[in-house]
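Please have a look at the structure as I put it up.

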Amino acid sequence: MRERRAARESRRTREFEAFVAGAGGRLLHAATLLTGEPTGESAGETEAAQALLTAALARTYARWDRLRGEDPYDRTRQELAALFAHRARRYRRPHGGVLDRLTPRERLVLVLRLYEGAAEEQTAATLGLPVERVRAICTRAVTLMRAAPPPTGARAAPGPPPVAAR
């Protein structure tokens with residue numbers, strides 16, 4: 001009995017570690033964009049993003065056996081969004097990141113929609129907002145980003161090209 005349990009835990013740990021190895025970089029970048037920190041290479045620059053991602057990954061790991069066909073990346077992204085929304089007041093102060101000039105909610109919608117490529121309906125369901133509200137927030141955030149020059153010292157966010165907002 002103990003041997004089976006140990007084998008199951010070992011398999012679970014290996015699967016989760018493989019998931020984190022494959023998706024951790026992209027998830028950390030999304031967390032960095034959410035927290036408004038600079039997207040630098042230094043670990044000290046992304047301390048809040050790392051803490052946010054660690055908490056989201058811990059929640060995903062706790063539910064790992066119950067995912068049953070659910071995409072672990074989507075689960076972790078949902079956990080990341082929920083944790084960020086719950087802690088949003090911590091991220092109102094500018095940190096020098098690319099999305100600094102946006103409110104936490106605008107950052108969350110923009111990252112989910114444009115960086116992660118989530119559909120409006122999926123974003124709305126994740127945030128508990130109507131689709132029209134998500135569309136309006138995304139449009140306003142894109143307009144703000146286009147209107148104002150990037151903050152001094154901010155680097156462009158690497159990643160896939162943004163999806164056009166509808």
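Over the ring of which residue does the charged end of Arg12 sit? It sits over the ring of Tyr61, 4.2 Å from its centre, where sitting over a ring requires NZ of Lys or CZ of Arg within 6 Å of the ring centre and within 35 degrees of the ring normal. The charged end of Arg26 is likewise placed over the ring of Tyr115, 4.4 Å from its centre.

Before going on, a caution: this is a predicted model, in which local features need pLDDT of at least 70 and side-chain atom pairs count only at pLDDT 80 or more, while totals for chains, interfaces and linings use all residues. Residues are numbered from 1 along each chain as its sequence is written, and side-chain values use heavy atoms, with hydrogens and water left out.

Turning to the rings, the structure holds 5 aromatic pairs, counted for rings of Phe, Tyr and Trp (its six-membered ring) with centres within 6.5 Å, and called stacked under 30 degrees between planes, edge-to-face over 60 and tilted for the rest. The Phe16 and Phe19 pair is tilted, because the planes stand at 50 degrees, with the centres 6.2 Å apart. Ring pairs also link Phe16, Phe19, Tyr61 and Trp64 into a cluster. Both Phe16 and Phe19 are buried, that is, under 20% relative accessible area with a 1.4 Å probe and protein chains only.

Finally, Thr35 is buried, with a relative accessible area of 0%, and, leaving aside neighbours within four places in sequence, its contacts (heavy atoms within 4.5 Å) include Ala48, Leu52, Phe84 and Arg107.

Notes
Buried means under 20% relative accessible area, exposed over 50%, partly exposed in between (1.4 Å probe, protein chains only).
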